[in-house]
Amino acid sequence: MLKVGIVGLPNVGKSTLFNAILKREQALSANYPFATIEPNIGVVDVVDKRLVSLQKIIEQSTNTKPPIVYSTIEFVDIAGLVEGANKGEGLGNKFLANIREVDLILQVVRDFSDTNIVREHSKNPDTDTDVINSELILKDIESIEKQIKAIGRDTSRITELNLFEKYLNNLNSGKLAIDIRDEIKYEDWQEFIRPLFLLTDKPLVYVFNTDENDKRLNRNKEVYKNKPAVYISAKIESDLAALSTEDQKAFLADLNINESGLDKITNLCFKKLGLISFLTAGTKEVRAWEIKQGTTAAKAAGTIHTDFEKNFIKAEVISFSDFVDFKGKSGAKEKGKLRIEGKDYVVCDGDVIEFKIGA
């Protein structure tokens with residue numbers, strides 16, 4: 001399962017956000033630095049409204065209401081970072097080791113005005129994000145310099161050396177490793193860079209924890225420092241977590257907020273990780289299965305069960321819109337909207353698929 005690491009300076013609202021994500025008080029939320037020491041881990045549903053439509057169609061045609069199973073992402077609440085973490089300050093070594101294990105970094109930024117919350121090491125969003133990014137960059141510089149030193153004068157590794165020097169120059173200029181990913185041959189990245197687990201060679205999303213009346217809460221597709229940004233109120237998300245689904249809708253409507261911060265975060269992380277969902281619909285369940293974009297039908301079948309990939313025969317595919325427009329598989333088939341695809345078919349987001357598997 002792919003992991004998203006929630007990071008930030010102490011007391012910026014990471015654990016409050018994490019509690020809201022899990023819809024229960026699993027993490028310790030406290031008004032003092034380093035309330036989180038060991039990382040808290042939780043699996044979160046990626047809410048996909050398409051599944052509700054599929055559920056209704058199955059219920060209407062079979063008189064059975066199947067349960068909904070969403071795709072999921074694992075969130076990791078990591079200890080607060082402080083300046084000097086690359087040298088072990090605060091809980092720096094533990095923090096940085098935990099970051100290496102995640103696939104995407106969710107950097108929570110303090111942007112609320114509550115003076116009752118201790119402002120530990122935090123000054124303002126621009127300075128705070130510079131501190132965190134600088135600590136990650138410094139640790140990556142250390143990793144790259146070790147590789148260069150190990151190569152020494154070995155002329156047989158000149159390609160590798162040139163690549164490391166390119167990364168070192170990029171990091172020394174204050175940029176993240178991921179910023180030059182598109183300039184590197186995939187094969188070179190796979191062989192030489194990926195095994196290093198560089199801290200800044202990961203997708204990054206900024207989450208601004210704002211006041212409850214902040215007008216930016218309704219903004220979507222924001223960009224900060226050339227990276228995606230989301231504005232939320234961890235306090236609002238915490239209040240929402242205690243409500244039923246219907247009460248959550250009413251609460252958001254009263255606040256004139258279009259979408260909960262959690263839904264914005266999970267869906268954005270899902271996309272930044274390069275994931276899409278194919279869907280299955282039957283009386284036992286309607287389900288979204290997360291796969292990497294570009295996955296073939298045979299590989300997608302393997303996410304359901306490994307034997308499905310080995311014994312793959314064909315896939316019956318209907319687009320989500322056709323499945324809904326024609327009230328299910330039978331209606332779509334009558335209209336010629338059901339396609340038979342082979343193992344090399346590249347699955348599209350929202351494909352409703354039934355796999356045919358041999359013995």
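Biologist: What makes strand β1 (residues 3-7) and strand β5 (residues 104-111) a pair, and in which sense do they run, parallel or antiparallel?

Modeller: In this predicted model, four bridges join β1 to β5, and the two run parallel. Pairing requires at least two bridges, so β1 and β5 count as paired. Within β5, Ile105 is the bridge partner of Gly5.

Biologist: Why are β2 (40-46) and β7 (222-224) called edge strands?

Modeller: The open sheet has seven strands in the order β2-β4-β1-β5-β6-β8-β7, with mixed pairing. β2 and β7 each have a single partner strand, so one side of each lacks a neighbour in the sheet. From one strand to the next, the twist averages 35°.

Biologist: Which strands does helix α1 (residues 14-22) touch?

Modeller: Helix α1 packs on the sheet and touches β1, β2, β4, β5, β6 and β8. The direction of α1 makes about 50° with that of β2.

Biologist: Why is strand β9 (residues 275-281) described as largely enclosed?

Modeller: Six of its seven residues are buried, so the rest of the structure largely encloses β9. β9 forms a hairpin with β10, with four residues between them. Their pairing is antiparallel over seven bridges, and Ser277 has Glu290 in β10 as its bridge partner.

Key
Residues numbered from 1 in each chain as written. Predicted model: local features only at pLDDT ≥ 70, side-chain atom pairs only at ≥ 80, totals over all residues. Heavy atoms only, no water. Buried < 20%, exposed > 50% of the residue type's maximum accessible area, 1.4 Å probe, protein only. Axes fitted to C-alpha atoms, helices over the stretch in contact; angles between N-to-C directions. Contact = heavy atoms within 4.5 Å.
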